[in-house]
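Here is a short report on one protein chain.

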Amino acid sequence: MRQVNIVGASPFSQSSRVIQTLQAPPDVPPTSITVRTASETSLRLRWVPLPDSQYNGNPESVGYRIKYWRPDLQPQALAQVINDRLEREFTIEGLEEWTEYELQMQAFNAIGAGPWSEAVRGRTRESVPSAAPENVSAEAVSSTQILLTWASVPEQDQNGLILGYKVLFRAKDLDPEPRSHVVRGNHTQSALLAGLRKFVLYELQVLAFTRIGNGVPSSPLILERTKDDAPGPPVRLVFPEVRLTSVRIVWQPPEEPNGIILGYQIAYRLASSSPNTFTTVEVGATVRQFTATELAPESAYIFRLSAKTRQGWGEPLEATVITTEKRERPAPPRELLVPQAEVTARSLRLQWVPGSDGASPIRYFTVQVRELPEGEWQTYSSSISHEATACAVERLRPFTSYKLRLKATNDIGDSDFSAETDAVTTLQDVPGEPPSSVSVTPHTTSSVLIQWRPPRDESLNGLLQGYRIYYRELESEASSVTTSKTLKTPSALRAELTAQSSFQTVNSSSTLTTYELTHLKKYRRYEVILTAYNIIGESPASAPVEVFVGEAAPAMAPQNVRVTPLTASQLEVTWEPPPPESQNGNIQGYKVYYWEAESQNETEKMKVLFLPETVVKLKNLTSHTPYLVSISAFNAAGDGPQSDPRQGRTHQAAPGTPSFLAFSEITSTTLNVSWGEPTAANGILQGYRVVYEPLAPVQGVSKVVTVDVKGNWQRWLKVRDLTKGVTYFFRVQARTIAYGPELQANVTAGPTEGSPGSPRDVSVTKSTSELTLQWTEGSAGRTPTTGYVIEARPSDEGLWDMFVKDIPRGATSYSVSLDRLRQGVTYEFRVVAVNQAGYGEPSNPSTAVSAQVETPFYGEWWFLLVMALSSLIVLLLVLFALVLHGQNKRYKSCGTGKSISNMEETVTLDNGGFAALELNSRHLNVKNTFSKKNGTRSPPRPSPGGLHYSDEDICNKYNSAVLTESTNLKEKSVDASESEGTDSESEDAPPQHSFVNHYMSDPTYYNSWKRRAPGGRAPHRYEAVAGSEAGPHLHTVVTTQSAVFTPAGPGARTPLTGFSSFV
C-alpha cells in the first residue's frame, strides 16, 4: 500500500502477511458439453474441464456430477459422479435401447456444487428386440400344414422399428437345424407353414427383428404335430429263404409312416396269372416277416406289401421272386457316372448300370458318400428302389469335393461296393455368413476406418473374392425421433433402408480386413454394413454400425519420445506433437501411459497433461526398475494411437530389508544364520552385512562382531564364537550402492530347555587310516534322543565347529577317515545329543589327537635310502670285478716282443673301510673337464655313475716304458653349472705323462705318499660320492690305469693326497 497526494505517491509500505481467501463452490459448469450415441445401451458425454482458476477450492476435491433422465417419463433423474477434475469424457451405461435421454452437468468441490449446465439430448442406438412376441399358438390344419399366430412385442422391448417376424420350425428328432419362415412387416401376426412332413411333431418359435438383427425367440417351444395320412410303402423288402414251394418275406416299416401303423397286407400271385388273382394275407403292426407256402417250383411270383393307418392302406411295395434254390449274391453296380450338368452347389445326380442279380431279384441299393480329402464313408441312403438307375444326392456342402460308391442287395445279401467315382466338386454358392466384428471409428474429420474379421472358412462356400461396404447418411438424431417408430407399412424394411438415401457400394479385396472410407460430410451420422461376395453372389449383410463423422481423434502418435532417468524414483519423459496433418483438429493434451516392463497389467498407470506441456516427470517409481512409456494425444473427438513404448530405468537406491532372518543348528557355541533376498532389491545386490552382539556383557565384555558377505549368492553365515546360554542380537542389511535398513532378531545359544544331557565317556582311538570316537549315552531330555552330532576343535583355530551331523540315535561310536583332517594339526572332539527340543549339552572334550598318519618303518625315508645305497654298492662291486677280469685276459695277449718297463706303484685309497686300490704304472689317458679352484688345477675325481668303459689293445711308449695293456675310462661332459673352469687343453690333447709320473714329479705329493707311516691319517679327507651328480666343490678324475684290488689289513685306511675314494 502507498499514499498519493498532489505532489506524488509515497513509497510502498511493507507487504502484509499472506492472506488466504475462503473456498467457494465453482461459479460455472463445464463447457462444450456434447453427447453421442455409444451403443444400444450407452451414451458418451464429453466436455471441457474447468480451468484451475475456476476451481475456487482445493484442486484435489474438484469433480463433476452428471444427471440424466427420460423426458417421456416422470422426472426421475439418475446421477453419476466423477472425482477426477481432469476427466474429459464419460460413458453412461445401462440405458434403454432406442430411447431418448436428457443430460446436465455441474462441477463441485469440498465446499459445494456449482450451477447446472444447459440440458443436452441424446438417443441410444437402435437394437434388437429384447423380448419375444407374446401369445404364440400353433394349430395343425392338415397333414402338411400348421398355422401360427402371435401378438406383437411390448413397445418398451422393441428397441427399434420392428421390420418383421421370423418363424423357426424343426421336425423334432429329425432335423438337425431349424428352418425359418420370414414374415415381412410389423402388421402381420400369423403364418401358415406348408410342405411339412405328415404326422411329424414340430418345434416352433417366433421372433421379431429390426434392421439391427433378430430379437429373442419365444419361449417355451411350441410343439405341434401335423395330421396323419395314408402311410408310405414299407422298405427293405427281402426274401432271405426261398425254397421250391415256399418263400419267407422280411420287411421294415415305412420311412414315412404318416400316422400310427395298424397292420400290413401281403398279396402275391404267379407272375403269369391274371393281375387280379392275388392271394391276400393281413398281419399285425408288430409283424415284420411272413412265409408263403404251397408255391409252384421254379416259378416267378409277384409280391405286394402295404401298410395301414387309420386313414387307410398306403402305397404298396412290389417285388418279384423265383422259387428256386440256385441263387447267389448280386454283382456290384457298374459304370457309375455323375454328369457335370447335374451338379449343383448342394446336390448331384448319380447314375449307374445294375450288375447281375445272382438269380435273385435286387431289392434295393445303398449309396455312400465320402468328403475329400480325409472324410470317412457315410451312408447317404440304404433304401433306393431296386428299379432305380439314378439317384439324387442332396445335403452336400458347396464347393466341396466328393467321391461316391454303390452296392446292391438281393435276398442272399449285399454285393461288393462298386468302384469309386472320380472326384466330383460341387458348385460354389453365396457365402453363408457376413464378416464379423465389424467396427467403424472416425479416422479424420471426413473419413472413417472400417475393420472386420473374415467369415469362417466353412461358410465361404467358394472362393472369396472380396467385400462390399454399404454406407449411407442418416437423418439427424433430432428429426428421426418422432418418425421412425410410426412407420408401419408392409414395405417397412425397404422404407427404412431408403429413408434418407440409398447405399453406396465400395469393393474391397479379399485379403484386406480394414478400409478407410473417405470424403464423407462433416457432422453427419452414417450407417455402414458389410457383406462378403464370390462369383455367385453376396453373403447376408452384417449388422449396421453407426458412426458420427466430423470429430476425429489424432491419426498419429506423438513423435520422438525420450525417457531419461533423474533419480531412483523419477523418470523424465519428453516428446513432440503429432504431425500437423494428422492432428484432426486442435490437440487438447496428452495421456502418458507407463508401467513396469515385466508386469504391464498389474502396474500400468496413466497421467493426463494439457497443452502446451510436452514434458513430464514420472514420480514415485520403483528403484532400479525398467519402465515402458507410451504417449497418445487427444482432442475433442477422442484419443489418438499410442506411441511405441520407450524404455527407461530408474537409478539404483538402497535396498529394502531382507525378506526373512532365520537360525538353525543352534548349539552352545555355534549356529547357522540365514536370510532372504530383499523383496525390493532397488539395484544390483553387492552383498550383505551381518552384525551380532550379546544383549548383556559376557564377563564384563560386550563384543560386537561385523561380518561383510560379498555377493548375493551366499545368504547364510556360520557363527562359531558364541557363549553358552547367552542371548545375542543379530542384524542383517543388504547393500547395493548403499546399505539398506536392518532386519533384526534375537537368538539364545544352546542348550535349549528340554534338550538331552551331555554324552559321557568320550574316547578316541587312532589307527593307520581313521579315528574312532566312542561315547556313552547321557541323560534323555524331555523327548527321546533322535541322533548325535560331533563337534571338532582344531589346534590351529581354537573354535568348536560341527564336524559330523545326522548320526543315528542308537550309535555309540563313529569312525572318521584321517583324510578329512589337516596334516600337522591336532584335534579335540566332543559329542552332542539331539532331540526335538534341539541340541543338548556337549560332552567333555576328548584327548587331543594328531592328524599325522603313521607309516611303517619300511616306508620311512631313511630305510629307503639305506636300501638304495646298499644296492648301489653291490652293483659297483660286480662291475669292477668284470672289468678286472677282462683286463687280465687282454694283458696276457698284448706282448709284442718289446721291452716293457714296469714301475710298480702301490696306492692305498681311503674308501671307508673297503679294500685298498693298488695302481700299477701303466699309461693314463685323461680326458675330462677340470674345475679350477684358487687358480690351481685340482686332481680329477671319478664319478662312478658317469663312467663308460671300453677295452682296446694299446701299446704306448712313455719315458722309455712300453705299455702292453691299456684301458680307457671316459666320463660324460659335466655341465658348466657344475664346473665353471674348463681346461680346453686337456679336453682334446693327447696325454703328456703317466698317472704315476704326474704325482711322482711333484715332490709334495711324492713325499707325502712315500713317507706316510702305516696307519697314519691323511692330511686331506675325501668323501665317497654315489651317483653322477657332483657339487661345485667336487672334482672329477678319469683313469685308464689297470687296477688290482688288494685286501688291506685292519686299520689300513690311508687316503692318497689328490685322490678321491670311490665305491
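## T603 and its contacts

Beyond its neighbours within four places in sequence, T603 is in contact with Y594, W595 and E596. The model is predicted. T603 itself lies in helix 2, which covers residues 600-603.

## The largest nonpolar core

The largest nonpolar core holds 23 residues. Inside this core, the residues with the most contacts are L671, V673, W675, V719 and F730. Six elements are listed here as giving two or more residues to the core: strand 46 (671-675), strand 47 (687-694), strand 48 (705-710), strand 49 (716-719), strand 50 (727-735) and strand 51 (743-748). Strand 50 gives the most, with four residues.

Neighbours within four places aside, L671 is in contact with F663, S664, E665, I666, L717, K718, V719, L722, F730 and V747. V719 and F730 from that list are also among the residues with the most contacts inside the core.

## The chain as a whole

The protein chain has 1063 residues, and 43% of them count as buried. Its secondary structure comes to six helices and 67 strands.

How many of the contacts between residues at least 6 apart in sequence join residues at least 24 apart? The share is 69%. As for surface, the chain exposes about 55800 Å². Carbon and sulfur atoms supply 50% of that area.

Key: Residues numbered from 1 in each chain as written. Predicted model: local features only at pLDDT ≥ 70, side-chain atom pairs only at ≥ 80, totals over all residues. Heavy atoms only, no water. Contact = heavy atoms within 4.5 Å. Core = buried A, V, L, I, M, F, W, Y, C linked by side-chain atoms within 4.5 Å. Buried < 20%, exposed > 50% of the residue type's maximum accessible area, 1.4 Å probe, protein only. Areas by Shrake-Rupley, 256 points an atom, 1.4 Å probe, with all protein chains shown as cover.
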